[in-house]
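Please open the structure in a viewer and follow the stops below in order. Each stop says what to select and what is found there.

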Amino acid sequence: MKKITKEDIEKIDPLKKDLGKSWIKVGMSTCGVAAGADEVYATLIEEAKKRNIEIDIRKCGCQGACSVEPLVEVNVEGLPKVLYGRVNKDVAITILERHVRNKKLLHDYIFEIN
Amino acid sequence: MQKKIIYLKDTDSTQQDRVNDFYTLFSNELRDTNLIEQASVVRIADMGLYEKGVAVKILPENIVYTGLKNTDVKKIIEETIKGNKVIKESLYEKKSKQMRAVLKNCGYIDPESLEDYLAAGGYKALAKVLLEMKPEQVVEELKKSGLRGRGGAGYPTWMKWNFARGMNSPEKYVICNGDEGDPGAYMDRSVLEGDPHSVLEGMIIAGYTIGSSKGYFYIRAEYPLAVERVQKAIDQAVEAGLLGNNILGSNYSFELEIRLGAGAFVCGEETALIASIEGKRGTPHPRPPYPSVKGLWEKPTIINNVETLANIPQLIFGGGAKFASIGTEKSKGTKVFALTGKVKNSGLVEVPMGITIREIIFDIGGGILNNRSIKAVQTGGPSGGVIPQEFLDTPVDYENLGKLGSIMGSGGMIAIDETDCLVDLAKFYLKFCVDESCGKCAPCRLGGYQLLHLLEKISEGKGEMEDLDKLKKISYAMQKASLCGLGQSASNPVFSTIRYFEEEYKKHIIEKKCPAGKCKALIYFKILPPKCKKCGLCFKNCPSAAILGSREAGYVIDPIKCVKCGLCFDVCKFKAVTKE
Ligand SMILES: Cc1cc2nc3c(=O)[nH]c(=O)nc-3n(C[C@H](O)[C@H](O)[C@H](O)COP(=O)(O)O)c2cc1C
Ligand code: SF4
Ligand code: SF4
Ligand code: FES
């Protein structure tokens, strides 16, 4: 990376962090990792590839709902933004298939919806 | 028209779950009105609302109705689903009591991406400081902001920085205190893991302001993920020219290094922390001289908490006056708390100063688990105290918590219910401090041990009335004579539990009873013959063969063999086992 300048900082597009239209974010703080977020993240990456599902999958920090980790936030165009709690490997796969591919929500794991 | 979805949830925990009834009502109503194509009903696990009755959230409009009665179903279908109108009477206006400033990026950006941080407005404050502001002006903004240290003592940050700035020394240092040794606290860890660049930015600004070219991150070794993320952030910043020589083309140069803490609570105390970075034993030194005069390697040093530093970028960016518009007269801005204990939604919360404890526990935390009643709230960890339920409406700030005999501390907040024993709680914190005392000074080393001994005596039912006076006397001596904050504050939990819950202590001492049923030596399990159905479940579950009898004769507990595990009490379906 080249050295950045003041101009770079000023003109960087604030929308960049908004990641486009469809994305998945996995809470990967210590508590998330302790609850298995590592595995969930790895599963999402791996299975998305296997199933040819194209979606931006990212890590993020604490969301505050620490008691229902691992947390996975999913935004798919045309659907509300959903925060899923207590996600495990199987749920992660279901998220890809059901939510991302078939555009249906996983009601039992919804913890916040907007 | 887009299909509407009605999300349904019973947010009360006191009553029978009425979701299924409502689900049927909604489904029938939709069918009867031929609206199945236009809307569907869905039961969900959580809505982020609590104790607001039956609630629905209707998307895509995002309309939330709470406190619904059976009769409202028809109305909702008729007016909102069909007529697209909002029903004012049932509408729930979401006013979030949380205010995310320090945590604004946590959970939103990728902590391992500098680009994400930049896109979120990161390093704009640094650019402003380096290219447009003099150090005096930074201090001036801090002064206007009223920011006080978030590491515990609440010392005004501008004063600390200004002292160090005024010192004439070619070498000065900036230290970020990421030791976070309080049991139950993890605010700083979350910031370091979720948004490391914000702390970096705060440190570089601090360095520029006091005229330092070198800073240290002191992070406890038990936080490997935080260390990893901070190291990554440092590497990225070096590569991008945000650290190193001539940052952003200015004349200012600064470098950062991580030092691992050994995991002792006392190493979070600033003088002990400095000794530890110097490679010496992490024990405290008397102050003065304060670190801002003579700190690391005897040079002027400022040492700030993670959260204090993470506040700096937004403070500078928005200006001191804007920062000061939030909070109470003497405590400005927001505070992050780690909310734990008997609360429904434990987690990390950030609130404006001046919010009441009740709002934090009930509106954000969703109230107490199992619908028990709240007894008190503990703040400040082992250096803090308890705040009884009658003071829950106190606005949270440094002064108010101090007046109540507790402290803001670094931000631990634990909800205590009727099943928690306060003697036990005091014992827990004291044990922690006794284990963590470095032993350098006598009041802390000996006093702590004596206090713990007295508390153990009381919880075993061997306490005497004069022990209460002894507890108070020793506590007082420790406060006055200990060398560092650990010893000075170690007795706070004892003091404050006696102050508000002397009756509970007396019950232990005089009646030899633990009202909460926590102190094992003071509780007895008994089987009540009239209620006992002779099912034998307790008999099967007892791990210590303390239950005697048979399905014909019934059962009794042998108090000598009983280890008071409470299993029989938990398994009995007929409430035939009593605990007292
Ligand atoms: C026993 C003891 C432990 C402490 N632990 C911490 C800690 O883990 N983190 C912290 O920031 N401050 C801790 N402090 C407070 C520091 O000494 C110091 O006041 C603080 O880091 C200053 O930063 P601030 O002004 O930003 O709050 C501790 C103090 C004592 C007496
Ligand atoms: S008060 Fe306790 S921890 Fe602090 S210096 Fe004295 S013995 Fe050590
Ligand atoms: S409390 Fe535990 S040890 Fe005592 S009788 Fe009941 S099951 Fe047995
Ligand atoms: S640290 Fe995981 S959500 Fe809070």
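**First stop: the shell around ligand 3**

The shell around ligand 3 consists of ten nonpolar residues, one polar residue and one charged residue. This is a predicted model. To display the shell, select Phe525(B), Cys542(B), Pro543(B), Ile547(B), Ile557(B), Cys562(B), Val563(B), Lys564(B), Cys565(B), Gly566(B), Leu567(B) and Cys568(B), which surround ligand 3.

**Second stop: two helices of chain B**

Next, select residues 124-132 of chain B, which form helix 4, and residues 306-318 of chain B, which form helix 11. The two helices pack at an angle of about 65 degrees, and their axes are 8 Å apart. Their crossing is left-handed. Which residues make the contact? Helix 4 of chain B contributes Lys124(B), Ala125(B), Lys128(B) and Val129(B), while helix 11 of chain B contributes Pro313(B), Ile316(B) and Phe317(B). Five of these contact residues are nonpolar, two are charged and none is polar.

Now turn to chain A, where five strands in the order 2-1-3-4-5 form an open sheet with mixed pairing. Strand 2 (56-60) and strand 5 (110-113) of chain A stand at the edges with a single partner strand each, so one side of each has no neighbour in the sheet. From one strand to the next, the twist averages 20 degrees.

Within this sheet, select strand 1 (residues 23-27) and strand 3 (residues 72-75) of chain A, which run antiparallel and are joined by four bridges. Ile24(A) stands opposite Val74(A) of strand 3 of chain A.

Key. Residues numbered from 1 in each chain as written. Chains lettered and ligands numbered in written order. Predicted model: local features only at pLDDT ≥ 70, side-chain atom pairs only at ≥ 80, totals over all residues. Heavy atoms only, no water. Axes fitted to C-alpha atoms, helices over the stretch in contact; angles between N-to-C directions. Left-handed = near helix turned anticlockwise from the far one by under 90°. Contact = heavy atoms within 4.5 Å. Nonpolar A, V, L, I, M, F, W, Y, C, P; charged D, E, K, R; others polar. Near = heavy atom within 4 Å. Pairing = 2+ DSSP bridges.
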